[in-house]
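Let's take a walk through this structure together, one piece at a time. Keep the picture open while you read.

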Amino acid sequence: MKSGKKLAVCAAVLILAAAATLGGIKLYRIHQRDQCGILLAFDDYDAYGWEDCFELFREYDVKVTFFVTAEEPTDFCYHALEEGHEIAFHTSGHVDLTKVSQEEIYQQAIAPLKVFQEKGIHMTTFAYPYGHYSQELNEMLLEHYKVLRGAYKLEINNKHVLRGGYVESASLDNINFESQEEYEQYIIQALTRLKEGKADVISLYAHAIAEGGDWSVSQDRLRFLFEKAGEMGLQFYTFQYLQNW
């Protein structure tokens, strides 16, 4: 009888432990589902500056998307993928697609997909050079990419929207801010608005990662963004991650 009672007690403990574990997993999944986050991207091609920032990304567990301007994969592309980042596309020659022929659009934005694919990189996200686009371009490119990104506006979108279609994005480049104080206020206001939602995301981007220059953002400014996001419980995502979310 005593051994039977012991077995019953052990079974009950195991059941309670399993229930607690499953309950914890469920709560974690709900938290993940409802958690708001940030899509951070870098455009054009700044292999040295970008790769120099890998350590900072690792420190804050940040994953980003690099929209490269290149005709084929480079060593940087493979290094970025090894770090868990996304390689996306920005045309092979940084051409304004609203001002060229359909053949040039194909050569700049579509044909390179096969080259990257054959060399092991599957790209599903595209950013328009200069942020210039049209509805006709969207329709054409969405036959080859899951998500297209603009460049002129801060928008708050639900995660589900990022599975496919067009999304706007706001620039963090130095040219947009007259001072560090203005930059910090912008970040705090944007993240505060974002945190008020449920399963929402914003898209932010810059070009080079450097201390100076109009079309760059410094590591110090990125660190400020990462720290504020951490304080508010915000996650960083790649576009590709949310496409499969």
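Start with G37, which sits across from Q235 in strand β12. Before going on, note that this is a predicted model, in which local features need pLDDT of at least 70 and side-chain atom pairs count only at pLDDT 80 or more, while totals for chains, interfaces and linings use all residues. Residues are numbered from 1 along each chain as its sequence is written, and side-chain values use heavy atoms, with hydrogens and water left out.

Helices (H or I, at least four residues) and strands (E, at least two) are DSSP runs, numbered from the N terminus. Two strands count as paired if DSSP finds at least two bridges between them. With that in hand, β1 and β12 (residues 235–237) run parallel and share three bridges. β1 also pairs with strand β2 (residues 65–68), again in the parallel sense, over four bridges; there, A41 has T65 as its bridge partner.

How many of the eight residues of strand β1 are buried? Seven are, so β1 (residues 37–44) is largely enclosed by the rest of the structure. Here buried means under 20% relative accessible area, exposed means over 50%, and partly exposed is in between (1.4 Å probe, protein chains only).

Now for the charged pairs. Side chains of opposite charge can pair when their charged atoms come close. A salt bridge is a side-chain nitrogen of Lys or Arg within 4 Å of a carboxyl oxygen of Asp or Glu, and the count comes to seven salt bridges.

Another salt bridge links R223 and E59, with the closest N and O atoms 3.1 Å apart. Since R223 belongs to helix α8 (residues 219–231) and E59 to helix α3 (residues 54–59), the pair ties together parts that are 164 residues apart in sequence. R223 is partly exposed, at 28% relative accessibility. K153 and E155 form a salt bridge too, their closest N and O atoms being 3.6 Å apart. K153 is partly exposed at 42% relative accessibility, and E155 is partly exposed at 24%.

Y130 has a phi near 65 degrees, a positive value in a residue other than glycine. Y130 sits in the loop between β4 (125–127) and α6 (135–141), and is partly exposed with a relative accessible area of 44%. A199 has a positive phi as well, near 60 degrees, and is not a glycine either. You'll find A199 in the loop between α7 (180–195) and β9, where A199 counts as buried at 7% relative accessibility.

Finally, look at E51, in helix α2 (residues 47–51). At 31% relative accessibility, E51 is partly exposed.
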